[in-house]
Amino acid sequence: MSTPNESQPLPAKQVFDAPVAHEHLVVVLAHPDDEAFGTAGTLAMHRAAGVPATFVCATYGDMGRNHGQPFFANRETLRDVRERELQNAADALDIELVLLGHRDKTLEFEDAGSVADRIAHELMQRKADVVISFYPGRGVHPDHDAIGEATYAAVHRFDENNRPKLWAITVTDREETEAALGAPDVEMNVAAYRHLKRAALEAHASQTKAMFDRIARDDPADAHLKERLERGERAERFYDLTFAAPR
Ligand SMILES: [Zn+2]
């Protein structure tokens with residue numbers, strides 16, 4: 001059920017039902033759970049077809065507590081909890097994990113060049129042909145924008161002839177984003193992998209259990225949560241920054 005003022009998403013320019021990466025899909029994001037919300041269906045689709053896939057995770061998400069939630073972890077233990085959850089999500093999706101090991105909420109203060117060096121190294125080692133990160137300036141969280149910028153820089157170090165595709169996730173309000181950027185360039189039809197995406201999301205219990213509990217109560221006030229979850233389980237949508245600059 002859409003909220004009254006919310007329009008339907010613009011149709012994406014290209015819709016894919018099958019893997020686009022053939023060598024190696026590499027997802028580079030800031031926190032454990034970013035991969036589950038934004039890319040789990042695309043990762044699962046590629047693994048089902050036997051394409052290698054890696055999540056390069058920049059931080060441990062060790063500051064990811066809101067108003068005392070989750071109650072079972074403090075900031076000292078949360079790093080361990082989130083690392084374990086991340087491993088469980090990676091196991092559910094059958095993907096490789098690379099942890100860059102930065103502290104949560106510090107990424108914007110790291111030397112951008114050296115983060116980009118490290119990412120370029122990981123991409124080169126794996127002969128990545130599709131890379132997914134955040135859209136610089138549209139990540140909402142400073143860590144998201146910082147990893148998006150570093151990944152953009154890393155991909156643009158490759159010359160045009162052997163540059164991997166770069167697909168970008170926007171976290172900013174969808175209608176506002178579509179008004180500014182137009183329709184997304186790429187939509188992955190991931191409906192067939194929704195059970196694996198759900199398993200990955202549930203693995204990040206410290207971040208997602210409260211959301212699933214609210215959805216299970218079926219309160220009409222939370223209808224937008226369910227709607228957003230279901231939309232994300234049908235399709236994952238990206239803007240193509242392989243040859244374009246963020247705007
Ligand atoms: Zn995040």
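Mentor: Gladly. Helices (H or I, at least four residues) and strands (E, at least two) are DSSP runs, numbered from the N terminus. Asp-218 then falls in the loop between H7 and H8. Residues are numbered from 1 along each chain as its sequence is written. This is a predicted model, where local features need pLDDT of at least 70, side-chain atom pairs count only at pLDDT 80 or more, and totals for chains, interfaces and linings use all residues.

Trainee: Why is Asp-218 called exposed?

Mentor: A residue is buried if 20 or more other C-beta atoms lie within 10 Å of its own, exposed if 12 or fewer, and partly exposed in between, with C-beta atoms placed from the backbone. Asp-218 has 9 other C-beta atoms within 10 Å, so Asp-218 is exposed.

Trainee: And what makes Asp-94 partly exposed?

Mentor: Asp-94 has 13 other C-beta atoms within 10 Å, so the label is partly exposed. Asp-94 sits in the loop between H2 and strand S4 (96–102).

Trainee: What is the phi of Asp-94?

Mentor: Phi of Asp-94 is near 60°, a positive value in a residue other than glycine. Asp-218 also has a phi near 60°. Most residues other than glycine have a negative phi.

Trainee: Why is H7 called roughly perpendicular to H8?

Mentor: The axes of H7 (residues 205–217) and H8 (residues 223–234) come within 9 Å and cross at roughly 115°. Angles under 35 degrees count as roughly parallel, over 145 as roughly antiparallel, 65 to 115 as roughly perpendicular and the rest as oblique. That makes H7 roughly perpendicular to H8.

Trainee: Which residues make the contact?

Mentor: Two residues are in contact if their C-beta atoms, placed from the backbone, lie within 7 Å. Met-211, Arg-214 and Ile-215 of H7 meet Leu-225, Lys-226 and Leu-229 of H8.

Trainee: How do you know that strand S6 is mostly covered?

Mentor: In S6 (residues 165–169), 5 of its 5 residues are buried. Lys-165, Trp-167 and Ile-169 point one way from S6, Leu-166 and Ala-168 the other way, and all are buried. In a regular strand the side chains alternate between the two faces of the sheet.

Trainee: What makes S5 and S6 a pair?

Mentor: Two strands pair if DSSP finds at least two bridges between them. Strand S5 (residues 130–134) is joined to S6 by 5 bridges, and the two run parallel. Ile-132 stands opposite Trp-167 in S6.

How values were computed: Axes fitted to C-alpha atoms, helices over the stretch in contact; angles between N-to-C directions.
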